[in-house]
Amino acid sequence: MSELVTGEAVALELRPAKLPSRALAVLIDLAVAWAVYLAVTVGILASTASLDDAAAAAVAVATFLLVLIGGPIAVETLSHGRSLGKLACGLRVVRDDGGPIRFRHALVRGAVGVVEILLTFGVVACVASLVSARGRRLGDVFAGTLVVRERVPSGRGEFVPPPPPWLVGQFSGLDLSGVPEGLWLAIRQYLTRMRQLDPQVGWAMAERLATDLVERTGAPAPQGVPPAAYLAAVMNERQARDARRAFGQEQQSEQQSYAGRVGGAGAGGDAGAGSAAAYPPLVPPVSAPATAPPAHADSPAASEGASPPATGFAPPA
């Protein structure tokens, strides 16, 4: 993981491309470029057979420069750093600040690439990528660019692990209004990537984040609770509150809307009859309980002392 800082002081977390994926992308680009170069060369030789040797050599050099050097530069410029090989491997060339490259960046990369890729068969580029901390070759260093991975496997680094079951609901009374969004983002990033960190580094980072969270909430962390579990439990409590707040507002708005329709229909009299018909009540009105007729003296109900069932509807005749 490489953290870049933009001109607006925004930290970007980019995944630098590794040497195998970059080498595969270069091989694909070279295969396509050489195929186009051979096709163009055959066509030019067939059309310039009457030229002398000097003119034929000049045409051959111009074809080499335009196809094998100018072609990749034009493709990277127009596609903002995504050649055919990089598109197939899920890579992209970006600036050091994370922005898209321009013509001058592609030109410097292509010019240096002639020496470190074509003339040395990629040996210099491989050595430079292995030595660089972010896998940059000489063309990237001179152009101020970086090759990053665009396609990251889904589900990795985005799932927030749940807290231990015995910690769920333990922080329901914690005041989270003073916790800034930046700290929440840092906690989420740590929880999603804590399995990829070194145990000691991860523990130290969790302790620092837990200390910052305790300072913002004003409540000390429980004794004996690991800092990572504490962070997961507080994050789970925040997500639960957000869900209750969102669904609670929706339910309250629906109830207020229904009450307004029913109240408007009742207050409008005859004028509101149309609106009441347009918005019928969700539950049918229940009629008032009918008074049961007295049982006859000779009926079985009177002789046994049984009363008619109180169902809210008049019994059938």
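Residues 24 or more positions apart supply 65% of the protein's contacts with a separation of 6 or more, a contact being heavy atoms within 4.5 Å. The model is a predicted one, so local features need pLDDT of at least 70 and side-chain atom pairs count only at pLDDT 80 or more, while totals for chains, interfaces and linings use all residues. Numbering starts from 1 along each chain as its sequence is written, and side-chain values use heavy atoms, with hydrogens and water left out.

The protein has 11 helices and 4 strands. Of the 317 residues in the protein, 27% are buried. Here buried means under 20% relative accessible area, exposed means over 50%, and partly exposed is in between, with a 1.4 Å probe and protein chains only.

Helix pairs come next. Two packed helices are described by the angle between their axes and the distance between the axes. The axes are lines fitted to C-alpha atoms, for helices over the stretch in contact, and the angles run from 0 to 180 degrees between N-to-C directions. For α1 and α2, the axes sit 10 Å apart and the packing angle is about 150°. The two helices are therefore roughly antiparallel to each other; on this scale, angles under 35 degrees count as roughly parallel, over 145 as roughly antiparallel, 65 to 115 as roughly perpendicular and the rest as oblique. Their crossing is right-handed, meaning that the near helix is turned clockwise from the far one by less than a right angle, with anticlockwise giving left-handed. On the α1 side, Ala33, Trp34, Val36, Tyr37, Val40, Thr41 and Ile44 meet Val59, Ala60, Thr63, Phe64, Val67 and Leu68 of α2. By class, that contact has 11 nonpolar residues, 2 polar and no charged. In this scheme Ala, Val, Leu, Ile, Met, Phe, Trp, Tyr, Cys and Pro count as nonpolar, Asp, Glu, Lys and Arg as charged, and the others, Gly among them, as polar.

Helix α2 also packs on α4: the axes come within 9 Å and cross at roughly 150°. This crossing is right-handed too. Ile69, Ile73, Glu76 and Thr77 of α2 meet Phe103, Ala106, Leu107, Arg109, Gly110 and Val114 of α4. The tally for this contact is 6 nonpolar, 2 polar and 2 charged residues.

From α7, Leu183, Ala186, Ile187 and Tyr190 meet Gly202, Met205, Ala206, Leu209, Asp212, Leu213 and Arg216 in α8. The residues of this contact split into 8 nonpolar, 1 polar and 2 charged.

Now for some individual residues. Arg22 belongs to helix α1 (residues 19-47) and, at 10% relative accessibility, counts as buried. A polar atom of the Arg22 side chain lies 2.4 Å from the backbone oxygen of Gly135. Not counting residues up to four places away in sequence, Arg22 touches Ala17, Leu91, Arg109, Ser129, Gly135, Arg136, Arg137, Asp140 and Val147. Leu27 is likewise in α1, but at 57% relative accessibility Leu27 counts as exposed. The C-alpha atoms of Val112 and Leu138, 26 residues apart along the chain, are separated by 7.0 Å. Leaving aside neighbours within four places in sequence, Val112 is in contact with Arg137, Leu138, Gly139 and Phe142.

Two loop residues have positive phi without being glycine. His80 has a phi of about 60° and lies in the loop between α2 (53-78) and α3 (84-89). With a relative accessible area of 41%, His80 is partly exposed. Phe121 has a phi of about 55° and is found in the loop between α4 (103-119) and α5 (123-131). Phe121 is exposed, with a relative accessible area of 75%.

How values were computed: A polar contact is a pair of N or O atoms within 3.5 Å; within protein, one must be able to donate a hydrogen and the other to accept it, and residues adjacent in sequence count only if both atoms are side-chain atoms.
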